[in-house]
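Work through the exercises below with the sequence and the model open. Try each task before reading its solution.

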Amino acid sequence: MNKNKDAFDVSIDDAFDFLSQEYVELFDRSAATAFQHPVWLDALYRKLAPAAAARRLVVVVRDRATGALAMVLPLLRMRRGPIRTIEFADLRVSDYLAPVCTAEVFSDLLQDESAGLKIRRLLRPFDLLRIPKLPDGKFPIEPLLATPRRTSTEANAYSTLLIAPFEQWRASALNRSYQKELSKKWRQIEKKGELGFSCCDDSASVLVAMEQMKKYRGPRFQAQGDGDLLQRPEYFDFYSDVAIRSIGGFVRLYTMTMDGDVIATVLGLCHRDSFLIIMSAFDIAGYKSQSLGALMFERVARDCIERGDQVLDFTIGDEPYKRLFGAQPSPMWSVTQAGSAAGSLALLALRQAPWVKLAAKRLAEFKLLPARSSTGAG
């Protein structure tokens, strides 16, 4: 293809409607992840961005000949102290980041020099460009943005392949001793009362489950010292809004009950035959010896298999329990670029002084955004 083809129009559209039909259709045929879903991004920009003092920066690429939407790059402008940053629309709720387009369009964009130059020009000025959480094997975004090569992140993503029937998956994914241990835990918990398991199907049940999730997560993550994002009103509103608007489709919210009371919850996203676990909570204090988290994840796996899902994705985090369910690690990547002398100094400090990096992370989490807490399997 001619590198000077000039086939695309590039613009910044900070009023872009992620619920529009053209974006819905683009997302459906794209190679983007669940975290670029129309409802997810719509809620993120409306509810979380204002609370974090983040400004929209939505790069829109259209086919010049037809005007058809070709790619959307959902970004944010933020200030972290004196540093002006450009970041993906994440705000610590999204695990996987990717431009929204097809692989074919992305390849064409890489060949169109004028489109790449326009994108890079529209992003300036900035001190630091940060795009972490890039899944392995996804779009090579570096040549499009003219950034240094990606680097691996500290944490991996984990997922397990699902096979039907459930008993076959359980026998292949879990070692024999762990199967016996969980069977014992099931017998113990079933003696405590009437045990129930369901998937929320209306707004009332969603709100009950979300309130219980908030209740169980608060003390647990406070004790770990990193807090919990659900305790902040804007984040509770974000997750509840996404769940209510998409329950029965893009979102599943599972609950386990004992004599009618919710004792465990798992919130996740449905995307391309995969179920991605993004948040969970358990009444650990009331069921200290029952491994309630593990039982809940096993029950979720059974339901996913019965629904025909192919993958159970535990998303990012190296918690040991994930391997107990046969989940395998997949590396995650980060792209970072300095856009000024101040950005270069900040990047150098972050890379060379681990204690500075840790301090900066804690400062950002304290002043701007709470840390993304792991799901846990306690």
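The exercises cover sheets, a pocket and salt bridges.

The model is predicted: local features need pLDDT of at least 70, side-chain atom pairs count only at pLDDT 80 or more, and totals for chains, interfaces and linings use all residues. Residues are numbered from 1 along each chain as its sequence is written, and side-chain values use heavy atoms, with hydrogens and water left out.

**Exercise 1. Sheets**

Solution. Step 1: strands (E, at least two residues) and helices (H or I, at least four) are DSSP runs, numbered from the N terminus. Two strands pair if DSSP finds at least two bridges between them.

Step 1: Leu276 has Asp313 in β12 as its bridge partner.

Step 1: β3 (residues 69-80) and β4 (residues 83-88) run antiparallel and are joined by 6 bridges. Leu76 has Glu87 in β4 as its bridge partner.

**Exercise 2. The second largest pocket**

Task: Describe the lining of the second largest pocket.

Solution. Step 1: on a 1 Å grid over the protein atoms alone, a pocket is an open set of points where a 1.4 Å probe fits, with protein on both sides within 12 Å along at least five of seven lines; lining residues have an atom within 4 Å of a point.

Step 1: the volume of the second largest pocket is about 350 Å³, a volume being the space filled by probe spheres set on the points, which are joined across faces, edges and corners.

Step 2: 18 residues line the pocket, and Tyr96, Lys138, Ser274, Leu276 and Asp313 lie nearest its centre. Two or more lining residues come from each of β7 (157-161), β11 (274-282) and β12 (311-316). β7 gives the largest share, 3 residues.

Step 3: the lining divides into 9 nonpolar, 5 polar and 4 charged residues. Here Ala, Val, Leu, Ile, Met, Phe, Trp, Tyr, Cys and Pro count as nonpolar, Asp, Glu, Lys and Arg as charged, and the others, Gly among them, as polar.

**Exercise 3. Salt bridges**

Solution. Step 1: a salt bridge is a side-chain nitrogen of Lys or Arg within 4 Å of a carboxyl oxygen of Asp or Glu. The whole structure has 20 of them.

Step 1: in the pair of Arg62 and Glu22, the N to O distance is 2.8 Å. Arg62 is in strand β2 (residues 55-63) and Glu22 in helix α1 (residues 21-29), so the bridge ties together parts 40 residues apart in sequence.

Solution. Step 1: buried means under 20% relative accessible area, exposed over 50%, and partly exposed in between (1.4 Å probe, protein chains only).

Step 1: Glu234, at 17%, is buried, whereas Arg232, at 26%, is partly exposed. Their salt bridge has an N to O distance of 2.7 Å.
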